[in-house]
Amino acid sequence: MSQLHTVNKSPLERNALESAITHAVKGNALLMIEDGVYGAMQGTHKSAMVSEAMSDISFYVMGPDLKARGIDETRIIEGIKIVDYSGFVALVAEHDTTQSWL
Amino acid sequence: MKFSVMISEGPYTHQASDTAYNFTKAALEDGHECFRIFFYHDGVNNGTRLASPPQDDRDIVNRWSALAKEYKLDLVLCVAAAQRRGIADADEAKRNGKNADNIAPGFRISGLGQLIEAGIQSDRLITFGD
Amino acid sequence: MPETKKFLYVNRKAPYGTIYALEALEVVLIGAAFEQDVSLAFLDDGVYQITKGQDTKDVGMKNFSPTYKALGDYDVNKIYVEQESLDARGLTLDDLLPLTWEDEDDDWAKKDSIKVISAAEMAKIMEQSDVVFSF
């Protein structure tokens with residue numbers, strides 16, 4: 001079984017990203033959407049948490065949500081892949097279940 | 001692959017309905033099947049035809065109705081959640097002694113069993129909320 | 001109908017401040033009639049949903065906490081509560097409602113429905129589910 005975790009909250013406001021990372025097992029994927037995309041930025045107090053989790057979890061971030069918020073791709077933590085809605089659909093299809101960390 | 005979607009927030013306040021729409025549209029365009037879109041919690045507010053957003057903004061309700069028409073989607077508003085929040089079709093309005101209904105085209109009102117059934121029948125269930 | 005699926009209801013929000021806990025419980029109760037393999041997970045602020053002593057009289061809202069006690073009668077008896085979430089909130093098992101079920105294969109012996117598990121065990125339960133309802 002493999003699971004996709006989606007996170008739509010800024011990690012600086014809520015613990016959804018932290019909780020998702022804690023509950024993702026090796027080989028799972030995590031997609032940041034909506035306000036969750038702030039979790040993909042370099043240089044925040046939460047960036048290290050994401051970088052450290054990258055050895056076990058594949059991280060993705062929604063490109064359209066980054067653009068909407070004026071976040072340039074160069075400011076994204078290295079190793080996080082940027083996807084569009086079709087890529088989101090593909091991630092859901094590739095994993096057995098999707099858990100939304102609301 | 002057969003998808004179902006649960007939407008837990010109303011339009012405009014949260015991005016949930018927008019993301020759900022963009023996701024569903026992409027899934028359909030990529031050739032996937034959508035078994036059901038289930039609106040729960042404040043998500044039932046996506047199904048009122050009385051919404052009148054400004055001209056320069058997207059019309060979230062009409063957008064769902066149009067997508068439903070194009071792809072024959074099953075848009076279901078949870079009856080218990082809808083009753084609490086004042087979303088009614090003609091039957092519901094009559095049953096509850098209300099003098100008007102407000103359900104938008106392409107939506108229908110039904111029970112929570114429809115969500116459970118979506119979980120059983122679909123290959124994937126994804127929730128969009130707050 | 002296809003074979004039984006493993007349903008997991010994930011509860012991460014406190015009651016009363018928002019409606020998610022109450023409406024999640026309503027899904028669980030309706031879902032119980034569909035005879036799937038149901039588990040409930042309580043973690044993060046979700047553990048506050050099943051604490052003892054809730055009294056909503058003065059806020060004028062419905063106290064739905066007694067309804068959790070009925071879950072056993074609906075054959076919903078796999079209730080997982082995360083230890084780390086309890087610890088972070090200064091709670092122990094004693095602070096939670098005594099949720100039980102009667103085992104018909106064991107002369108209707110009354111058994112505890114709540115299992116307190118670690119975050120790592122919770123992660124496994126999540127990953128092994130077929131359908132996840134996120135609230």
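**Notebook: contacts across and within the chains**

I began with the contact between chain A and chain B and counted 2 salt bridges there. One point to keep in mind for everything below: this is a predicted model.

I looked up one bridge by name. Lys9(A) pairs with Asp130(B), and the closest N and O atoms are 3.6 Å apart. That passes, because the cut-off for a salt bridge is 4 Å.

Polar contacts came next. I found 12 residue pairs in polar contact between chain A and chain B, both residues at pLDDT 80 or more. I then asked which elements of chain A supply the side that touches chain B. Helix α4 (85–94) and strand β5 (97–101) each give at least two residues. The largest share is from α4(A), with 6 residues. Sorted by class, this side of chain A holds 7 nonpolar, 5 polar and 6 charged residues.

**Entry: size of the A–B contact**

I noted 18 residues from chain A and 19 residues from chain B in the contact. The buried area between the two chains is about 1,500 Å². Carbon and sulfur atoms give 57% of that area. Which residues of chain A lose the most area to chain B? I list Glu34(A), Tyr85(A) and Val89(A), together 34% of what that side buries.

**Entry: His5(A)**

I moved to strand β1 (residues 3–7) of chain A, where His5(A) is found. Is His5(A) buried or exposed? Its relative accessibility is 0%, so I put His5(A) down as buried. The limit for buried is under 20%.

I checked the surroundings of His5(A). Its side chain makes a polar contact with the side chain of Asn28(A) at 3.0 Å. Leaving out residues up to four places away in sequence, His5(A) touches several others, among them Ala20(A), His23(A), Ala24(A), Leu30(A), Gln99(A) and Trp101(A).

**Entry: salt bridges over all chains**

I widened the search and counted 24 salt bridges over all chains.

First, chain B. Asp74(B) and Arg108(B) meet through their side chains, 2.6 Å from N to O. This pair links distant parts of the chain, 34 residues apart. Asp74(B) is in the loop between α2 (60–71) and β3 (75–78), while Arg108(B) is in strand β4 (residues 107–110). I also looked up accessibility. Asp74(B) is at 18% and therefore buried. Arg108(B) is at 31%, so I call Arg108(B) partly exposed.

Next, a pair with Glu26(C). Its side chain meets that of Arg84(B) in a salt bridge of 2.7 Å, N to O. Glu26(C) lies in helix α1 (residues 20–31) of chain C and Arg84(B) in helix α3 (residues 79–85) of chain B, so this bridge joins two chains. Glu26(C), at 19% relative accessibility, counts as buried. Arg84(B) has 41% and is partly exposed.

Then chain C. Asp37(C) and Lys78(C) form a side-chain salt bridge, 2.4 Å from N to O. Here too the pair links distant parts of the chain, 41 residues apart. I place Asp37(C) in strand β2 (residues 37–42) and Lys78(C) in the loop between α2 (65–69) and β3 (79–82). Asp37(C) is partly exposed at 24%. Lys78(C) is partly exposed at 23%.

Last, I followed bridges that share partners. Asp42(B), Arg84(B), Arg85(B), Glu23(C) and Glu26(C) are joined into one network.

How values were computed. Residues are numbered from 1 along each chain as its sequence is written. Chains are lettered from A and ligands numbered from 1 in the order in which they are written. This is a predicted model: local features need pLDDT of at least 70, side-chain atom pairs count only at pLDDT 80 or more; totals for chains, interfaces and linings use all residues. Side-chain values use heavy atoms; hydrogens and water are left out. Contact means heavy atoms within 4.5 Å. Buried area is the accessible area (1.4 Å probe) that two parts lose on being put together, summed over both. A polar contact is a pair of N or O atoms within 3.5 Å; within protein, one must be able to donate a hydrogen and the other to accept it, and residues adjacent in sequence count only if both atoms are side-chain atoms. Helices (H or I, at least four residues) and strands (E, at least two) are DSSP runs, numbered from the N terminus. Ala, Val, Leu, Ile, Met, Phe, Trp, Tyr, Cys and Pro count as nonpolar, Asp, Glu, Lys and Arg as charged, and the others, Gly among them, as polar. Buried means under 20% relative accessible area, exposed over 50%, partly exposed in between (1.4 Å probe, protein chains only).
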